[in-house]
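Here is a friendly walk through one protein model. Keep the sequence and the 3D view at hand as you read.

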Amino acid sequence: MASTSEKVAYLLRAVNVGGNRVPMAELRALASDLGAHDVATYVNSGNLVCVPPGDAEDFGTALTRGIADRMGVTTDAVARTGAELQAARDAYPFDIHDPKWCHVWFFTEAPTGTAAAALEAYDFGDDRLRVLGRELHLWYADGSGRSAVTAPRLLRLAGVPGTGRNLRTVETLAAMAQ
């Protein structure tokens, strides 16, 4: 994925919701302790950008292990470079009526063809989604709070770990990881 000189964004699943408290200052300290440099976080929802020491995926594994050990929170860390985040943003296939209602889910790996078909065929009412490789693009008709699209349902249908961010966050993280 990334060389040791390339910034990588780590998107943590389900932190700072439902009691899964991961303070961003502690996350930055953990990343530094694990050997990352140029460490930054964005908002309080588990977005870390850094230059990892060595392999980006190995660092993500060490990061999730460290979060579990230090903070007692089990999560997944989905790694993407700035270029990969920008490519996902650029590939967004729907009209952008409100960037906070337009999301991209980032999976650790591409769902199987069967899982992708199941995701796209599921009846989510007026909401729309499309799987493109390791990303799932979502268009919420009336916002995510009223949607039948839920994280547990997406994860069950996809069969692989992942987490979502709205387009504003994707754009910001892409810029931070350049």
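## Salt bridges across the chain

In this predicted model, a search of the whole structure turns up 7 salt bridges. Let's visit some of them.

One of them joins K7 and D38, whose closest N and O atoms are 3.2 Å apart. K7 sits in the segment before β1 (8-12) and D38 in strand β2 (residues 37-41), so this pair ties together parts that are 31 residues apart in sequence.

Next, look for R13 and D76, a salt bridge with its closest N and O atoms 2.7 Å apart. This pair links distant parts of the chain: R13 is in the loop between β1 and α1 (24-33), while D76 is in the loop between α2 (56-71) and β4 (77-81), 63 residues apart. R13 is partly exposed, at a relative accessible area of 22%, and D76 is partly exposed with a value of 22%.

A further salt bridge brings together the side chains of E84 and R134, at 3.2 Å from N to O. E84 belongs to helix α3 (residues 82-90) and R134 to the loop between β6 (128-132) and β7 (135-139), so the pair ties together parts that are 50 residues apart in sequence.

Now turn to helix α4 (residues 113-121) and helix α5. Their axes are 8 Å apart, and the helices pack at an angle of about 145°. Which residues meet here? From α4 come A115, A118 and L119, and from α5 come L154, L157 and A158. By class, this contact has 6 nonpolar residues, with no polar and no charged ones.

You can find L157 in helix α5 (residues 151-158). L157 counts as buried because its relative accessible area is 16%, under the 20% cut-off. Leaving aside residues up to four places away in sequence, L157 touches A115, A118, L119, Y122 and F124. Take Y122 as an example: L157 and Y122 are 35 residues apart in sequence, yet their C-alpha atoms are 8.9 Å apart in space.

## An enclosed strand

Next, find strand β5 (residues 102-107). Is this strand enclosed or open? Of its 6 residues, 6 are buried, so β5 is largely enclosed by the rest of the structure. Both of its faces are covered: C102, V104 and F106 are buried on one side, and H103, W105 and F107 are buried on the other.

Strand β5 also has partners. With β7, β5 pairs in the antiparallel sense over 5 bridges, and V104 stands opposite H137 in β7. With strand β8 (residues 162-166), β5 again pairs in the antiparallel sense over 5 bridges, and here the bridge partner of V104 is R165.

## Cysteines and disulfides

A disulfide is a covalent bond between the sulfur atoms of two cysteines. How many disulfides does this model contain? With a cut-off of 2.5 Å between sulfur atoms, the count is 0 disulfides.

Conventions
Residues are numbered from 1 along each chain as its sequence is written. This is a predicted model: local features need pLDDT of at least 70, side-chain atom pairs count only at pLDDT 80 or more; totals for chains, interfaces and linings use all residues. Side-chain values use heavy atoms; hydrogens and water are left out. Helices (H or I, at least four residues) and strands (E, at least two) are DSSP runs, numbered from the N terminus. Buried means under 20% relative accessible area, exposed over 50%, partly exposed in between (1.4 Å probe, protein chains only). Contact means heavy atoms within 4.5 Å. A salt bridge is a side-chain nitrogen of Lys or Arg within 4 Å of a carboxyl oxygen of Asp or Glu. Axes are lines fitted to C-alpha atoms, for helices over the stretch in contact, and angles run from 0 to 180 degrees between N-to-C directions. Ala, Val, Leu, Ile, Met, Phe, Trp, Tyr, Cys and Pro count as nonpolar, Asp, Glu, Lys and Arg as charged, and the others, Gly among them, as polar. Two strands pair if DSSP finds at least two bridges between them.
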